[in-house]
Amino acid sequence: MKILYGINATGNGHISRSRIIVSALKKRGHDLHCIFSGTNNNLFDTDVFEPFVIKKGFTFSKQNGKINFLNTFLNIDLVQFIKDIQSLDNDYDLVITDFEPVSAYFSKIRNISSIGIGHQYSFYKNIPMTTKMRFTRILFPYLYTPIKNIIPSHFSHFNQSILPPFLSNEIINHKLKANSKNNILVYLAWEELEHTIKLLNQIDQHHFIFYCSTKNEKTVNNVTLKPFSENGFKKDLIENKYLITNAGFQLPAEALFIGKKILCKPLEGQPEQEHNAKILKDLGYAATTKTISINSIKDWLHSSKKIKIDFPDSLDLIMDMIENKDKDFSYEIDKLWQIKKTY
């Protein structure tokens with residue numbers, strides 16, 4: 001099949017998941033063309049996505065770790081969005097979107113078969129949700145990426161046909177000594193960098209490895225700043241005992257598979273992250289906080305517990321679901337959830 005694969009680049013989880021699925025589809029002989037949107041071109045390790053194009057799409061504006069709704073609204077460019085859709089070729093057999101709106105609307109307007117892959121599509125199902133998420137899902141994801149065929153995933157199945165989190169081979173089959181280093185890995189893409197560094201400097205009895213928008217690795221007292229790197233980040237994620245991150249989906253799932261102590265700070269005003277944080281807390285999988293502070297970090301370090309969840313490799317099933325989108329895979333999905341948890 002000739003496939004257009006849309007990737008939301010507002011979060012690295014979408015890119016990380018898409019990297020493996022795109023590679024697997026290419027190995028099965030499919031012709032892949034990729035599109036990124038919602039990014040400021042700060043992409044890395046993109047060889048597997050060639051050929052690809054970058055479109056504007058939509059993204060959230062943030063300020064001090066919160067969604068700035070006014071700036072988000074002002075930055076919407078519907079004229080450019082329509083131009084981006086019109087710029088795409090018609091000759092695709094299938095459109096796959098990882099919560100990417102240009103490809104989703106392109107498939108709808110051109111009446112091309114489509115599939116949505118990702119955590120956001122679990123909100124199509126009857127799962128526990130925050131009140132805000134129940135209201136927001138009218139627009140998100142139904143309006144943001146209007147897709148009928150879905151391959152959803154979540155931290156739990158909630159008695160629905162939902163896949164476990166999709167993890168890369170680098171995580172599932174790693175040969176490193178997990179949690180062998182006593183450092184705290186930090187990935188807080190939505191927080192203000194300088195403010196966060198100063199805060200972490202005050203917890204000087206611990207060393208932090210902070211992946212952020214720095215061009216070169218450098219150390220600021222007890223904080224080592226590192227530029228984004230797929231391989232480097234995966235290595236640090238596996239080897240270091242602790243993780244502080246926003247409440248996305250992909251990274252907490254990988255950390256749970258490895259068996260880390262996790263502190264999640266949802267991006268305020270982002271309903272999906274607030275939902276994820278509540279689910280992680282309710283399941284006992286992670287500690288959560290509304291603000292990153294000295295006290296919240298110290299409380300977490302003293303009281304947190306780790307859990308290891310052996311999420312299965314679902315790549316082969318995802319491939320089958322893509323290639324046979326009209327087949328019922330409920331039985332195969334149920335079998336995937338026979339997993340082991342270690343507390």
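Author: Welcome! Strands (E, at least two residues) and helices (H or I, at least four residues) are DSSP runs, numbered from the N terminus. This is a predicted model, in which local features need pLDDT of at least 70 and side-chain atom pairs count only at pLDDT 80 or more, while totals for chains, interfaces and linings use all residues. Residues are numbered from 1 along each chain as its sequence is written, and side-chain values use heavy atoms, with hydrogens and water left out.

Reader: In the hairpin of β11 and β12, what does Asn 221 do?

Author: The hairpin has two residues between its strands, and Asn 221 takes a positive phi near 55 degrees there.

Reader: How do you know that β11 and β12 pair?

Author: Two strands pair if DSSP finds at least two bridges between them. β11 and β12 have three bridges, in the antiparallel sense, so they meet that definition. Lys 218 stands opposite Leu 225 in β12. Phe 210 also stands opposite Leu 225, and strand β10 (residues 208-212) pairs with β12 in the parallel sense over five bridges.

Reader: What makes β11 and β15 the edges of the sheet?

Author: The open sheet has seven strands with mixed pairing, in the order β11-β12-β10-β9-β13-β14-β15. β11 (218-220) and β15 (287-288) each have a single partner strand, so one side of each is left without a neighbour in the sheet. For β15, two bridges join it in parallel to strand β14 (residues 261-264), with Ala 287 as the bridge partner of Leu 263.

Reader: Why is strand β12 called largely enclosed?

Author: Because four of the five residues of β12 (residues 223-227) are buried. Buried means under 20% relative accessible area, exposed over 50%, and partly exposed in between (1.4 Å probe, protein chains only).

Reader: Why does Thr 245 count as buried?

Author: Its relative accessibility is 3%, and the cut-off is under 20%, so the word buried applies. Thr 245 is found in strand β13 (residues 240-245).

Reader: Which backbone oxygen does the side chain of Asn 179 reach?

Author: That of Gly 259, at 3.0 Å. Asn 179 sits in the loop between α6 (169-172) and β9 (181-187), and counts as buried at 13% relative accessibility.

Technical notes
Polar contact = N/O pair within 3.5 Å; in protein donor to acceptor, adjacent residues only side chain to side chain.
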